Amino acid sequence: SMSRYDRAITVFSPDGHLFQVEYALEAVKRGTTAVGVRGKDVLVLGVEKRAAAKLQDPRTMRKIVKLDDHICLAFSGLSADARVLINKARVECQSYRLNVEDKSSLEYITRYIAGVQQKYTQSGGVRPFGISMLVVGFDADGTPNLYQTDPAGTYYAWKAHAIGRNSKTVLEFLEKHYTDESNEESIKLAVKALLEVVESGSKNIEVAVLTRGNVEFLDDEQIEKYVQMVEDEKAEEKKEP
């Protein structure tokens with residue numbers, strides 16, 4: 001029976017499944033939605049923000065974090081697991097700087113994160129990290145990169161991607177509308193994609209924009225501006241027969 005094979009993390013089922021890893025992927029699908037878009041010379045991360053309780057400090061609920069001056073990530077899944085993995089990645093960024101006297105490439109740090117996630121699928125007494133991550137940053141030559149990792153430890157590069165709840169809907173939207181014409185368009189695309197699945201506009205969205213040498217977390221007014229643009233466009237489309 002299936003139940004025997006999902007007890008231990010290191011045991012394959014007869015048809016080749018590692019159930020605990022698959023369950024971790026399910027945990028990601030229940031997390032808040034996150035979107036990443038790679039533009040010509042901009043990178044955009046957007047996440048769905050759960051409404052904060054009245055007495056709660058919203059600063060403690062961030063889903064987009066900096067790993068280094070030139071690298072940001074957004075995650076979906078279990079926040080506590082993410083915190084542990086983010087700390088490991090931050091330490092790796094700094095130790096790379098110490099050893100090599102240069103900042104790490106985005107692929108290097110993504111491979112490190114995926115390596116840690118993989119390690120937690122192959123030894124007893126541990127469980128997989130219940131998170132996927134979208135990692136963005138610029139390489140030394142100015143090339144923008146967007147990578148995604150998952151609990152199995154695989155990682156891929158994307159032009160645009162979505163993880164978390166309803167990510168399938170968002171991904172289909174991104175596939176249909178992807179463009180890298182201008183930085184403005186890329187930011188708008190990320191906001192528009194999130195609004196496909198997020199209720200009630202800018203209050204529930206967090207957005208970070210990376211350009212070379214700069215990471216900017218958009219404030220509510222800036223996000224509201226993009227939300228308004230998107231809604232105006234939708235209204236225009238409805239008018240046209």
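**Notebook: rings, strands and helix contacts**

**Entry 1. Aromatic pairs.** I began in helix α2 (residues 19–29), where F19 and Y23 both lie, four residues apart, about one turn of the helix. I note at once that I am reading a predicted model. How many aromatic pairs does a search of the whole structure find? I recorded four aromatic pairs. F19 and Y23 form one that is stacked, with 6.1 Å from centre to centre and 25 degrees between the planes. I put this pair down as stacked because planes under 30 degrees apart are counted that way. I then looked up the exposure of the two residues. F19 has 11% relative accessibility and counts as buried, whereas Y23, with a relative accessible area of 32%, is partly exposed.

For Y108 I noted a relative accessible area of 25%, which means that the residue is partly exposed.

**Entry 2. Charges over rings.** I looked for charged ends placed over aromatic faces. The charged end of R62 sits over the ring of F217, 5.1 Å from the centre of that ring. I also found K225 over the face of Y226, at 5.0 Å from the ring centre.

**Entry 3. Strand β9 and its partners.** Is strand β9 (residues 205–211) mostly covered or mostly open? I found it mostly covered, as six of its seven residues are buried. Strand β2 (residues 43–48) is joined to β9 by six bridges, and the two run antiparallel. Within this pairing, L43 stands opposite L210 of β9. I then followed β9 to strand β10 (residues 214–217), to which four bridges join it, again in the antiparallel sense. Here T211 has N214 of β10 as its bridge partner. The hairpin of β9 and β10 has two residues between the strands, and G213 takes a positive phi near 80 degrees in it.

**Entry 4. The five-stranded sheet.** I traced an open sheet of five strands in the order β3-β4-β5-β6-β7, with antiparallel pairing. Which strands stand at the edges? They are β3 (64–68) and β7 (155–157); each has a single partner strand, so one side of each is left without a neighbour in the sheet. On average, neighbouring strands of this sheet are turned by 25 degrees against each other, direction ignored.

Strand β5 (residues 131–138) pairs with strand β6 (residues 144–149) over six bridges, in the antiparallel sense. V136 has L146 of β6 as its bridge partner. I also noted that α3 packs on the sheet, where it touches β3, β4 (71–77) and β5. The direction of α3 makes about 20 degrees with that of β3.

D68 has its place in strand β3. I recorded D68 as buried because its relative accessibility is 7%, below the 20% that marks the limit for buried residues. Not counting residues up to four places away in sequence, D68 touches C93, Q94 and R97.

**Entry 5. Helices α5 and α6.** The axes of helix α5 (residues 167–177) and helix α6 (residues 183–195) come within 9 Å and cross at roughly 145 degrees. I noted the crossing of α5 past α6 as right-handed. V170, F173, L174 and H177 of α5 make the contact with L189, K192 and A193 of α6.

Is L189 buried or exposed? I found L189 buried, at a relative accessible area of 5%. L189 is in helix α6 and touches V37, F173, L174, H177, Y178 and T179, again leaving aside residues up to four places away in sequence. I also looked up L189 against Q228, which is 39 residues away along the chain: their C-alpha atoms are separated by 13 Å.

Methods
Residues are numbered from 1 along each chain as its sequence is written. This is a predicted model: local features need pLDDT of at least 70, side-chain atom pairs count only at pLDDT 80 or more; totals for chains, interfaces and linings use all residues. Side-chain values use heavy atoms; hydrogens and water are left out. Rings of Phe, Tyr and Trp (its six-membered ring) pair if their centres lie within 6.5 Å; planes under 30 degrees apart count as stacked, over 60 as edge-to-face and the rest as tilted. Buried means under 20% relative accessible area, exposed over 50%, partly exposed in between (1.4 Å probe, protein chains only). A charge sits over a ring if NZ of Lys or CZ of Arg is within 6 Å of the ring centre and within 35 degrees of the ring normal. Two strands pair if DSSP finds at least two bridges between them. Axes are lines fitted to C-alpha atoms, for helices over the stretch in contact, and angles run from 0 to 180 degrees between N-to-C directions. Contact means heavy atoms within 4.5 Å. A crossing is left-handed if the near helix is turned anticlockwise from the far one by less than a right angle, and right-handed if clockwise.
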